[in-house]
Amino acid sequence: MTSQAPAEPIALPATTLAPRRHVLDLDDFSRTEIDIVLDTALAMREVLDRDIKKVPSLRGKVILTLFLEPSTRTRVSFEQAGKMLSADVINIAGSGSSAEKGESLLNTTLTLQAMHADLIVVRHPQAGAPYFMARHLSRTGIINAGDGRHAHPTQALLDLMTMRRHLGSLDGKKVVIVGDLLHSRVARSNVFGLAAMGARVVISGPPTLIPLDLSRTSHSQGSLGGAAYEPDLDAAMDDADVVMALRLQTERQTAGMLPSVREYTRRWQVTEARMGRAKPSALVMHPGPVNEGIELSSSLAHGVASVIEEQVTNGVAIRMAILYQLLTGGELQTA
Amino acid sequence: MTDSQQILIKGARVIDPADGTDEVGDVLVRDGVIAAKGRAVSAPDGALVVNGTGQVLAPGFIDLHAHLREPGREDRETVATGAAAAARGGFTTVCCMPNTEPAIDSAMMVEFIAAKAREAGPVRMLAIGAVTRGRAGKELAEMEEMASAGAVAFSDDGSPVATGHLMQMALTYASELGLPVIDHCEDHSITRGLGVHEGWVASRLGLEGYPSAGEESTMARDIALAELTGGHFHAAHVSTAGGVELVRQAKARGIRVTAEATPHHLTMSEEWVLGVHGAVAPANALELSAYDTMAKVSPPLRTPADRAALIDALRDGTIDCIATDHAPHTFADKTVPFDEAMVGISVLETALGSLMGLVHAGSLSLPTLVHRLTVAPAMVFGGALAALGSLAVGAPADIVLFDPDEEWAVDPAAFASKGRNTPLAGDRLKGRVTLTVAQGIIAFDAAGLTHGTSA
């Protein structure tokens, strides 16, 4: 190894995710695997805090980010993570429809693999697109950076990391997720991750924005892990350890799914008064960007209980951890 | 193979639901008709003799619902490839849905299908005319002219008949012609999602679901209009327990309603979209095979309870018959993310094997299955089909011979259909067609049974 990067070794956990090639959702992650990622991410946070934020671990690796839906935060987070680990990160943007692009996703996928990309980070407006790509790849790995309303596993991992840093073990902790569950890939991935970590999830929000099978059947048969549905947010908040508000797309109102944003705000905004029912140490979280005054009161979003900015920082660390684990098999490499 | 071919099939289990026959015997075909049926039929000079021992001999199957894509999408299927696929599946009569490009909405288009069918061979390919011009849901098509040219029914399938008013007019007008109106029951204001049932699988996958209510609400409309007009409403591809109940109640009230179910709705359920063909729970991790576009079909595969209700309804006759909704698509149509994929399954060549699974599982008797594939669909449409679906002496010689116990692995690459789109690829089925005779002519001969066996 050359000595260009004055990097100290990263203090990594001794266990690895190998032989995992893809990260498509958290539904196939065991608690042990999640702990490995979170432990690796803790080590990566230490790199983030250095003056020279670069280690050579992924030198010579090629990471393509394929974002077929507008996104700045997640793409930049992955790009930064890759670059800090010295990988070459190439960004590709476009539209998610093959009709508009003139090239099918299959051909795009095979082309990127033929270029010997090591990893493809994909954001796609259609649920399941990363599974489709993974099915057709023989060598290259896939990281799902958000597919339709289905999954967003790295967001869920950064949420778990943030919770664990403040609460320690998540066993038996009560996490309330509030808002538009129906369209939320963040919530979908979180319920599986939280279930694996032993947390109890209560979902609250308008019944029109809750999957029918969750609002209509006993939760043990539902599709969202072991989550329970409590439409009354005040009741849902009792003794909560974490309250996670989801972004409300205001076009749900014009689509006839909500009477008004005003009524939503009155019934499901996370407010100081409602936080009074949660545990005194409870965290306020949001995947961002926040519609202040709708999902969250501004004072809460910027208050002491809010860990929203830390979520962003942890997001970089989590993505470094995932890239590192997938591309090195977690083998300890000293610079 | 000529029109004057004589074929004697000996020692098969002859099932003719039209007259209740179910016994080992022989059937002789001559001059395009059933010439003799019974025990120890002797072979005329020059007849091909086929040993049917261990096999089932039945009237050729009749499919009231297939998409043959010609004209317009000959890359997906043509009348000729559809006919070949039908023959391999034991079907001797296939009714073609009019959602071609352009639509089958005129006498000229009906005649086009008839001409293509004559070129294709002996399998009867009959046109279903569109209800509305261009299937656009605005004005009635020229229904009498299509009927005179040979259309056997009317439908805007692929889409529902757009408005209640048009459905009322169509039922009234078709009733005077003695033909049914088939509706693809779907309320588009409810079914924004396509191809997956609104239930736990859709939720698990983050896909917009197609609720049962989206099908049943239009079916209820059509039943009410059949009652109002006295017309014959035939419900296409019923997929829900609620739809079965609507049909059951309508029949009990004497309304002219008939209904079909597809092999896939009778044998598969919503979990197939997860790419898993066995038991699966919501907590299971998704497989890489999830979002299986091959299982994307409209109406969608429903719940196991819906499937059970369909089987019960098929058994008790509430669902009159089986129809394939054969919907061939290209590789490119299906090798895309789920939301972009076309709906439909290529069914003709797997129908019998799938359905025999119900017989082997004890859910349905073999004579009942044969009934729902032969005389039952013939009676549903009546008219030109009324003479079909029977082995009576003098009846058109439409025959299928199949081995009820032969196991085989589905290999779409070996299909005669251009549509290789089936979720059954690689699955093993038990029950396979060995010989199909249509209009007295051998249309499919799996094992070369008829070669060199002249008496």
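**Entry 1: α1 and α2 of chain B**

I looked up how α1(B) and α2(B) cross, and the crossing is right-handed. Handedness goes by the near helix: turned clockwise from the far one it is right-handed, turned anticlockwise by less than a right angle it is left-handed. The model is predicted, so I noted its limits: local features need pLDDT of at least 70, side-chain atom pairs count only at pLDDT 80 or more, and totals for chains, interfaces and linings use all residues. Residues are numbered from 1 along each chain as its sequence is written, while chains are lettered from A and ligands numbered from 1 in the order in which they are written.

Helix α1 of chain B covers residues 79–88, and helix α2 of chain B covers residues 107–120. Helices (H or I, at least four residues) and strands (E, at least two) are DSSP runs, numbered from the N terminus. The two axes come within 9 Å and cross at roughly 55°. Axes are lines fitted to C-alpha atoms, for helices over the stretch in contact, and angles run from 0 to 180 degrees between N-to-C directions. α1(B) and α2(B) are therefore oblique to each other. The angle classes are roughly parallel (under 35 degrees), roughly antiparallel (over 145), roughly perpendicular (65 to 115) and oblique for the rest.

Next I listed the contact. α1(B) brings B:V79, B:A80 and B:A83, and α2(B) brings B:I113, B:K116, B:A117, B:E119 and B:A120. Two residues are in contact if their C-beta atoms, placed from the backbone, lie within 7 Å. By class I found six nonpolar, no polar and two charged residues in the contact of α1(B) with α2(B). Nonpolar means Ala, Val, Leu, Ile, Met, Phe, Trp, Tyr, Cys and Pro; charged means Asp, Glu, Lys and Arg; the others, Gly among them, are polar.

**Entry 2: α4 and α6 of chain B**

I then took helix α4 (residues 164–177) and helix α6 (residues 212–229) of chain B. Their axes come within 9 Å and cross at roughly 45°. That makes α4(B) oblique to α6(B). Their crossing is right-handed. The residues in contact include B:M167 and B:L171 of α4(B), and B:L225 and B:L228 of α6(B). The contact of α4(B) with α6(B) divides into five nonpolar, five polar and two charged residues.

**Entry 3: chain B as a whole**

I counted 13 helices and 16 strands in chain B. Its C-alpha atoms fill a box of roughly 65 × 55 × 40 Å along the principal axes.

**Entry 4: where chain B touches chain A**

Here 22 residues of chain B are in contact with 30 residues of chain A. On the chain B side, helix α5 (residues 200–205) gives the largest share, four residues. That side has 14 nonpolar, four polar and four charged residues.

**Entry 5: chain A and its domains**

Chain A has 14 helices and nine strands. Its C-alpha trace spans about 60 × 45 × 35 Å along the principal axes.

Which stretches make up the domains of chain A? Domain 1 is 31–152 + 314–328, and domain 2 is 153–311. These bounds come from an automatic or database domain assignment. The C-alpha centres of the two domains of chain A lie 26 Å apart. I found 21 residues of domain 1 in contact with 22 residues of domain 2 in chain A. On the domain 1 side, α1 (31–48), β4 (141–147) and α14 (308–328) of chain A each give two or more residues. That side has nine nonpolar, seven polar and five charged residues.
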